[in-house]
Amino acid sequence: MSTTAFTHAHVVPVDGEPFDGTVVVTDGTITALGPDVTVPDGADVIDAAGKWLLPGFVDAHVHLGTHEEAEGWAGDDTNERTDPVTAHVRALDAINPADLGFTDALTGGVTTVNVNPGSANPIGGLAVAIHTAGRTVDAMVVKSPAGLKSALGENAKRVYGDQKKMPSTRLGVAAVIRQAFVEASNYRATRDAAGDAFAGRDLKLDALAMVLDREIPWRQHCHRADDIATAVRIADEFGYRLVIDHGTEAHLVADLLVERNIPVLIGPLMTTRSKVELRNRSLRNPGLLAAAGVEISIITDHPVVPINFLVHQASLAVKEGLDRETALRSITINPARVLGVDDRLGSLTPGKDADVVLWSGDPLDLYSRAEQVWIGGTEVYRYEAPAA
C-alpha cells in the first residue's frame, strides 16, 4: 500500500469550502482531507508550504492529439470529410499521445480532456475522455465513448456546399440528422425485437442507438441562437441527452436551456470573430449564462485556444462578471459531470481519483503556475525553472 500526505496546503476541494490542512492519498485514491487530518504512519509527506492544492482541471472539448501542433496536414485527423454521417468514427483511433499539446495541458493543470471529432460533418463521430499523460492512448482512457459529436451551422453547410452535395443549407443539415435518427430508431427496434438472433450489425446505427438509449450525450456544436433552438427542437423530437458545445449566443435563449436542464460548454473565448457565427463572442457570456441558471463549462477547443490557457479564460470571465466559485466549477466538476466521470474526477473528495495539482498560488491569478501534477496519485509533471 502506498500513501502520500499533502500537508500545510491551502486546499480548494471545489465541492466544499477551502481550508488549510492535509489531503491523504492511498493507492491513487483520495482517502481523507481536512484541517485536522492525521498523517498516517509511513506516509510520504509532501509539504505544500501554504501553496494551493486543487483537483486537476477538465476541458470537455478539445482536439488534442488528433489535430497535432506543428505537424501540418500529416497530423490533422480531426474530420472525415467524405460523408455527412460518420457516427461510427472514433476520435480514440486518431490520438497521438506524443502531441506537444499534452505537455502544455499539464503545465496548465489540465489532467483530463474530452477529445471530439471536428465539426465538418452534421454527425462527426464518437468522443473520448482521456487523461493528459500516458504512453498509449488506451492507457489514458477515462471513458469511451463519452459522447457523439454533431454540428449545426456554418461548417457542415460550407464543407458539403463546396462539394455540391447535400447538406448545403441549414435545413439540409437538420434533415440529415433527423433521417439518421429515424434509421437508428428503426434499427434499434429490429435489434431489440430479434434479441440474440439479431444479424446485420451497423456501426453507424449502433453509435446513434447509444444516443437514443441515453447511454451517451449528443454533443451539439452550435454558436447562433437559431441553431441552438434547432438543437433543442431535434432533441425534443428524439428524446436524447443534449449538450451544447460552444454556445456563443446561448445567453439569448438561456430560458430554453434552463427549462430542459441542458448544459453549455462555452468557448473558445480568446479568439477573433473569424466568422459570422462568432459576431456575439464575448468574455461576458459565461457570466450571463451562469446568472440565468445554466450550468456552464469553459472550453478551449484546443488548438484553437492553447489548452494551457483554459484557466486564463476562466480568469478573464471572472473579470467580466462570472463569480469565482462558478469559474472554478466550470473547469472541474461541471465538465466532469457532462462527461459522466464526476464520480471519479472534478473535485477533491474521498473515494475519487487523486488527480491533483499543486499551484504556487491562486490559479485564477495570472502569476500563479502549476508546479506539480499528479494523475491517479502518480506525479506526471514538475515545473523546472529555465536556466539563467
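Which residue has its charged end over the ring of Tyr383, and how many Å from the ring centre does that end sit?

Reply: This is a predicted model, in which local features need pLDDT of at least 70 and side-chain atom pairs count only at pLDDT 80 or more, while totals for chains, interfaces and linings use all residues. Residues are numbered from 1 along each chain as its sequence is written, and side-chain values use heavy atoms, leaving out hydrogens and water.

The residue you ask about is Arg369, whose charged end sits over the ring of Tyr383 at 3.9 Å from the ring centre; this requires NZ of Lys or CZ of Arg within 6 Å of the centre and within 35 degrees of the ring normal.

Phe57 and Trp359 form a tilted pair, with 5.6 Å from centre to centre and 40° between the planes. This pair links distant parts of the chain, since Phe57 belongs to strand S6 (residues 57-62) and Trp359 to strand S14 (residues 356-359), 302 residues apart; strands are DSSP runs (E, at least two residues), numbered from the N terminus. Phe57 counts as buried because its relative accessibility is 0%, and Trp359, at 2%, is therefore buried as well (buried is under 20% relative accessible area, exposed over 50%, partly exposed in between, with a 1.4 Å probe and protein chains only).

Elsewhere, ring pairs join Phe181, Trp218, Phe238 and Tyr240 into a cluster.

Technical notes: Rings of Phe, Tyr and Trp (its six-membered ring) pair if their centres lie within 6.5 Å; planes under 30 degrees apart count as stacked, over 60 as edge-to-face and the rest as tilted. Helices (H or I, at least four residues) and strands (E, at least two) are DSSP runs, numbered from the N terminus.
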